[in-house]
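Subject: Structure handover

Dear colleague,

I am passing the structure below on to you, together with an account of what came out of looking through it. Please read the notes with the sequence and the coordinates open beside them.

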Amino acid sequence: TLGAAEMFVETFPDEPLTVLVDYFGAEITDALAVCRRFPDMAAAGRLSFRLDTHGGRFLETLDPAASYAVLERHAPEAIRRYRSEEELRWLVGTGVSAAAVWRMREALDEAGFGGARIVGSSGFSVAKCRIMAECLAPLDVVGTGSYLPEVWSETYATADIVAYDGVPRVKVGREFLLKREAR
């Protein structure tokens with residue numbers, strides 16, 4: 001992740017940088033490594049981190065208990081009323097949850113990178129955006145992708161890299177793509 005960020009900055013030194021940090025399942029570790037490498041960009045708000053954590057796992061450092069604790073610190077009212085199963089998943093579940101966004105913000109701020117921005121991606125429908133707004137999730141940008149319009153068959157498209165230099169490699173949580181590729 002850091003190497004990709006370095007190559008981008010070397011090639012486009014004057015452009016802002018958005019880094020996808022969930023590829024290896026080390027969102028916080030990788031974001032902090034990039035911030036430490038480019039502290040001036042982070043301070044100037046020219047460095048963003050895209051969270052697109054696979055729905056089958058939690059953001060690095062989170063689990064159910066830790067997710068509830070994060071929201072208790074930042075948006076306790078969000079979890080103190082009836083929620084549907086889907087709403088709870090968006091608040092404290094796997095993937096890009098409100099707890100995940102808040103935890104990333106905490107990690108960046110604690111390390112002194114308060115200017116770094118967070119981009120939320122992965123299933124941001126109108127309903128998920130509403131839940132994020134209710135708990136004031138510190139998102140700077142939301143990528144809605146295939147949810148505009150809500151009928152996926154009209155818009156859905158995704159691209160996954162499944163190998164680098166002939167070596168099979170996919171984003172953590174998308175290993176099923178390797179099995180399909182082997183056929």
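The protein, which is a predicted model, has nine helices and six strands. Of its 183 residues, 41% are buried, and the accessible surface comes to about 9800 Å², with carbon and sulfur atoms accounting for 55% of that area.

Side chains of opposite charge can pair when their charged atoms come close. In this model the count comes to 14 salt bridges, and I describe some of them here.

One of them is formed by the side chains of Glu6 and Arg37, with an N to O distance of 3.0 Å. This pair links distant parts of the chain, since Glu6 belongs to helix α1 (residues 2-11) and Arg37 to helix α2 (residues 27-37), and the two are 31 residues apart. Glu6 has a relative accessibility of 29% and therefore counts as partly exposed, and Arg37, at 43%, counts as partly exposed.

Another salt bridge joins Glu86 to Arg89, where the closest N and O atoms are 3.9 Å apart. Because these residues lie three apart in helix α5 (residues 85-92), about one helical turn separates Glu86 from Arg89. Glu86 is partly exposed at 40% relative accessibility, and Arg89 is partly exposed with a relative accessible area of 40%.

A further salt bridge is made by the side chains of Arg83 and Glu87, at 3.9 Å from N to O. Are these two residues buried or exposed? With buried meaning under 20% relative accessible area, Arg83 counts as buried because its relative accessibility is 7%, and Glu87 counts as buried at 14%. Arg83 and Glu87 also belong to a network of salt bridges that links them with Arg81, Arg130 and Glu134.

Technical notes: Residues numbered from 1 in each chain as written. Predicted model: local features only at pLDDT ≥ 70, side-chain atom pairs only at ≥ 80, totals over all residues. Heavy atoms only, no water. Helix = DSSP H or I, 4+ residues; strand = E, 2+ residues; numbered from the N terminus. Buried < 20%, exposed > 50% of the residue type's maximum accessible area, 1.4 Å probe, protein only. Areas by Shrake-Rupley, 256 points an atom, 1.4 Å probe, with all protein chains shown as cover. Salt bridge = Lys/Arg side-chain N within 4 Å of Asp/Glu carboxyl O.
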